[in-house]
Amino acid sequence: MKLIDNWKQAWKLKSVQVGAISAFFYALILFSEQFLNVWAVIPQELKNKIPENVAEWVGMFIGVATVLARLKKQPELHEVNQFVTITAGHSNSDPGAVNGKYKEAELVRQFRNAVAHYLAAAGLSYKTDGAGTINLPLTNAIALAKGASIAIEFHMNAAALKQANGIETIALPKDKILAQKLSKAVADVFGSRLRGDNGWIDQSKSARGRLAYVNAGGLIVELGFISNEDELAAYQARYWIAAKAVAQVIIEHEKALK
């Protein structure tokens with residue numbers, strides 16, 4: 001291949017400049033979501049170390065990537081009833097409730113992964129807000145919840161009263177039966193009691209008020225109280241068994257829809 005004369009000065013050509021800009025924005029459109037996902041899991045203390053002059057450019061870049069990610073067509077998020085969504089509460093940057101060395105976000109991430117394992121083994125189509133040690137922010141979970149046949153997020157309760165205990169699922173009235181089944185599946189394995197109406201908590205009666213994930217059509221399963229030593233111990237010992245029970249409820253629910 002023979003290059004043009006003065007090829008080292010080609011960057012001055014308008015056609016090359018336009019082409020380079022087009023290629024940059026095309027790549028940004030393709031990988032905007034991946035960039036935002038990576039940025040979301042970078043610890044805040046590392047972000048704080050970015051020099052101020054560089055941080056301004058990074059902020060602009062993130063802003064553009066956010067806009068492009070929202071504009072990019074994502075048919076999988078709009079084809080209702082095509083998949084199940086399972087997500088973990090809080091995120092890599094938000095630990096949620098804490099009891100000693102145990103963090104809510106890490107425990108429920110483990111549970112999400114275990115449920116995903118059993119759904120995959122059953123051949124069920126599903127999406128999650130991360131894999132392995134990744135736990136993406138709530139905005140990602142809500143986006144997936146809006147396009148799923150059912151969307152379930154896992155949390156753990158906490159209370160100042162150490163004796164507080166029990167399993168509950170917060171959901172809209174239309175999902176009452178499913179919420180009760182999910183809570184019972186967990187409670188039976190952990191040996192816990194059911195809170196609320198046989199494990200169902202109407203969002204309107206929840207101490208947390210209106211929840212964005214529930215408003216998006218999702219259910220929030222509280223896997224016990226991290227602040228209760230007995231329930232925390234039961235979770236640690238049997239969470240894989242509970243995850244299998246939850247996965248079975250999901251599988252049966254999906255079969256009933258077909």
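Colleague: What should I know about the numbering and the kind of model before I start?
Modeller: Residues are numbered from 1 along each chain as its sequence is written. This is a predicted model in which local features need pLDDT of at least 70, side-chain atom pairs count only at pLDDT 80 or more, totals for chains, interfaces and linings use all residues, and side-chain values use heavy atoms, with hydrogens and water left out.

Colleague: How many helices and strands does the chain have?
Modeller: Helices (H or I, at least four residues) and strands (E, at least two) are DSSP runs, numbered from the N terminus. On that basis, the chain has eight helices and eight strands.

Colleague: What percentage of the chain counts as buried?
Modeller: Buried means under 20% relative accessible area, exposed means over 50%, and partly exposed lies in between, using a 1.4 Å probe and protein chains only. Of the 258 residues of the chain, the buried share is 41%.

Colleague: What share of the contacts with a separation of 6 or more joins residues 24 or more positions apart?
Modeller: Contact here means heavy atoms within 4.5 Å. Among the contacts in the chain with a separation of 6 or more, residues 24 or more positions apart account for 78%.

Colleague: How are H4 and H8 oriented to each other?
Modeller: Axes are lines fitted to C-alpha atoms, for helices over the stretch in contact, and angles run from 0 to 180 degrees between N-to-C directions. The axes of H4 (residues 104-121) and H8 (residues 229-257) come within 8 Å and cross at roughly 40 degrees. Angles under 35 degrees count as roughly parallel, over 145 as roughly antiparallel, 65 to 115 as roughly perpendicular and the rest as oblique. H4 and H8 are therefore oblique.

Colleague: Which residue classes make up the contact of H4 with H8?
Modeller: On the H4 side, the residues include Leu107, Phe111 and Val115, and they meet H8 residues including Tyr239, Ala243 and Ile250. Ala, Val, Leu, Ile, Met, Phe, Trp, Tyr, Cys and Pro count as nonpolar, Asp, Glu, Lys and Arg as charged, and the others, Gly among them, as polar. By class, the contact has 17 nonpolar, two polar and one charged residues.

Colleague: What covers the buried residues of H4?
Modeller: Among the buried residues of H4 are Leu107, Phe111, Ala114 and Leu119. Their cover includes strands S1 (84-88), S3 (102-103), S4 (126-128), S5 (150-157) and S8 (219-225), and also H8.

Colleague: How far apart are the end C-alpha atoms of H4?
Modeller: The expected span of a helix is 1.5 Å times one less than its number of residues. For the 18 residues of H4 that gives 26 Å, and the end C-alpha atoms agree, being apart by 26 Å.

Colleague: How are H6 and H8 oriented to each other?
Modeller: The axes of H6 and H8 come within 8 Å and cross at roughly 150 degrees. H6 and H8 are therefore roughly antiparallel.

Colleague: Is the crossing of H6 and H8 left-handed or right-handed?
Modeller: A crossing is left-handed if the near helix is turned anticlockwise from the far one by less than a right angle, and right-handed if clockwise. For H6 and H8 the crossing is right-handed.

Colleague: Which elements do the buried residues of H6 pack against?
Modeller: The buried residues of H6 include Leu178, Leu182, Ala185 and Phe190. They pack against S5, S6, S7, S8 and H8.

Colleague: Is Ile177 buried or exposed?
Modeller: Ile177 is found in H6, which covers residues 176-190. Its relative accessibility is 53%, so Ile177 counts as exposed.

Colleague: What is the phi of Asn198?
Modeller: Asn198 sits in the loop between H6 and strand S7 (200-202). Its relative accessible area is 52%, so Asn198 is exposed. Although Asn198 is not a glycine, its phi is positive, at about 55 degrees.

Colleague: How far is the C-alpha atom of Ala160 from that of Ser227?
Modeller: Ala160 lies in the loop between S5 and strand S6 (168-171). With a relative accessible area of 83%, Ala160 is exposed. Ala160 and Ser227 are 67 residues apart along the chain, and their C-alpha atoms are separated by 7.6 Å.
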